[in-house]
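Colleague: Before I use this model, I would like to go through some of the labels attached to it and hear what each one rests on.

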Amino acid sequence: MSKNYNSISRNFSPFTQLITDFKGKNIPDEQIQADYNNTLNYPNNYFIAPDNWHECFYTTSRNNMLLLSKGLENILRIKPPFNKFILLSLFQRISNFNSVAEQYDTISLLSKKTYIIGGKGLAQGRNLSNVEIIDFTDSGLEKNWVVIAIANDEGCALIAEEFKPGRYRGFFTTNRNLTNRCLNIIRELLNIEIEI
């Protein structure tokens with residue numbers, strides 16, 4: 001029997017149960033910044049994460065969520081072959097997308113397909129190639145922060161929810177099965193087809 005994610009209480013998001021299944025820990029701002037800088041300096045280490053992270057739970061700020069997102073999006077820039085990954089990004093606010101719009105001009109061309117999810121008017125006026133814009137109105141996703149990069153043989157996901165203004169809790173994973181589970185939640189909520 002499939003879950004009806006639209007009936008979830010306003011206090012929870014569609015990813016709340018998945019997020020709370022993880023044991024939480026706080027990651028210091030300095031660690032996230034250092035890992036992001038390390039990713040830029042050593043691009044073969046294509047995601048911002050210590051070597052021992054496969055599934056990592058965290059609580060952090062909006063600024064750190066931006067760094068984590070950019071790190072995950074970098075997989076499309078530096079991990080060949082290019083056009084291998086489907087990229088799915090959810091933006092709570094249009095201003096969040098506008099702050100990274102130029103990055104999406106570049107990375108969307110390097111993806112197999114890019115799905116940008118958010119409110120009405122998201123990416124309006126932008127001429128993005130290889131991108132499908134999806135409206136998430138009334139889906140229950142308005143408090144979530146989601147970035148998923150998935151291919152046939154690998155995947156990674158950044159899943160979080162805003163539990164108070166400007167503070168997020170969630171996880172990063174390089175486990176493809178868990179990444180696919182997250183993608184399936186999105187597919188069901190938005191009633192969309194996403195071919196990998």
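Colleague: Where does Asn191 lie, and what makes it count as exposed, partly exposed or buried?

Modeller: In this predicted model, Asn191 lies in the segment after helix H7 (176-190). Its relative accessibility is 73%, and exposed means over 50%, so Asn191 counts as exposed. The phi of Asn191 is near 50°, a positive value in a residue other than glycine.

Colleague: What makes Arg169 partly exposed, and how far is it from Ser61?

Modeller: Arg169 has its place in strand E7 (residues 167-173). Its relative accessibility of 25% falls between the cut-offs of 20% and 50%, so Arg169 counts as partly exposed. Arg169 and Ser61 are 108 residues apart along the chain, while their C-alpha atoms are separated by 8.9 Å.

Colleague: How do you know whether Ile159 is buried or exposed, and which residues is it in contact with?

Modeller: Ile159, which lies in strand E6 (residues 155-164), has a relative accessible area of 0%, and buried means under 20%, so Ile159 is buried. Leaving aside neighbours within four places in sequence, Ile159 is in contact with residues including Phe15, Tyr58, Trp145, Arg169 and Cys182, where contact means heavy atoms within 4.5 Å. Ile159 and Thr16, 143 residues apart in sequence, are 9.8 Å apart in space, C-alpha to C-alpha.

Colleague: Why is E2 described as largely enclosed?

Modeller: Of the 5 residues of E2, 5 are buried, so this strand is largely enclosed by the rest of the structure. Ile86, Leu88 and Leu90 point one way from E2, Leu87 and Ser89 point the other way, and all are buried.

Colleague: What makes E2 a partner of E3, and in which sense does E2 run relative to E5?

Modeller: Two strands pair if there are at least two bridges between them. E2 and strand E3 (residues 113-118) have 5 bridges in the parallel sense, and 5 bridges also join E2 to E5, which run antiparallel. The bridge partner of Leu90 in E3 is Ile117.

Colleague: How covered is E3, and what joins it to E4?

Modeller: E3 is mostly covered, with 5 of its 6 residues buried. It is joined to E4 by 5 bridges, and the two strands run parallel; in this pairing Gly118 stands opposite Asp135 in E4.

Colleague: How many cavities does the rule give, and what makes such a space a cavity and not a pocket?

Modeller: The count comes to 1 cavity of 30 Å³ or more. A cavity is a set of points where a 1.4 Å probe fits but cannot get out, whereas a pocket is an open set. About 100 Å³ of space lies in the largest cavity, which is above the cut-off of 30 Å³.

Colleague: Which residues and elements line the largest cavity?

Modeller: The lining has 14 residues, of which Leu66, Ser69, Leu90, Phe91 and Trp145 lie nearest the centre. Helix H3 (62-73), strand E2 (86-90) and strand E5 (144-150) are the elements that give two or more residues to this lining, and H3 gives the most, with 4 residues. By class, the lining has 8 nonpolar, 4 polar and 2 charged residues.

Colleague: How do these details sit within the whole protein, and what share of its residues is buried?

Modeller: The protein has 7 helices and 7 strands, and buried residues make up 51% of its 196 residues. Among contacts between residues at least 6 apart in sequence, 67% join residues at least 24 apart. The protein exposes about 9,800 Å², and carbon and sulfur atoms supply 45% of that area.

Conventions
Residues numbered from 1 in each chain as written. Predicted model: local features only at pLDDT ≥ 70, side-chain atom pairs only at ≥ 80, totals over all residues. Heavy atoms only, no water. 1 Å grid on protein atoms, 1.4 Å probe; cavity = no way out; pocket = protein on both sides within 12 Å on 5 of 7 lines; lining within 4 Å. Points joined across faces, edges and corners; volume = space filled by probe spheres on them. Nonpolar A, V, L, I, M, F, W, Y, C, P; charged D, E, K, R; others polar. Buried < 20%, exposed > 50% of the residue type's maximum accessible area, 1.4 Å probe, protein only. Areas by Shrake-Rupley, 256 points an atom, 1.4 Å probe, with all protein chains shown as cover.
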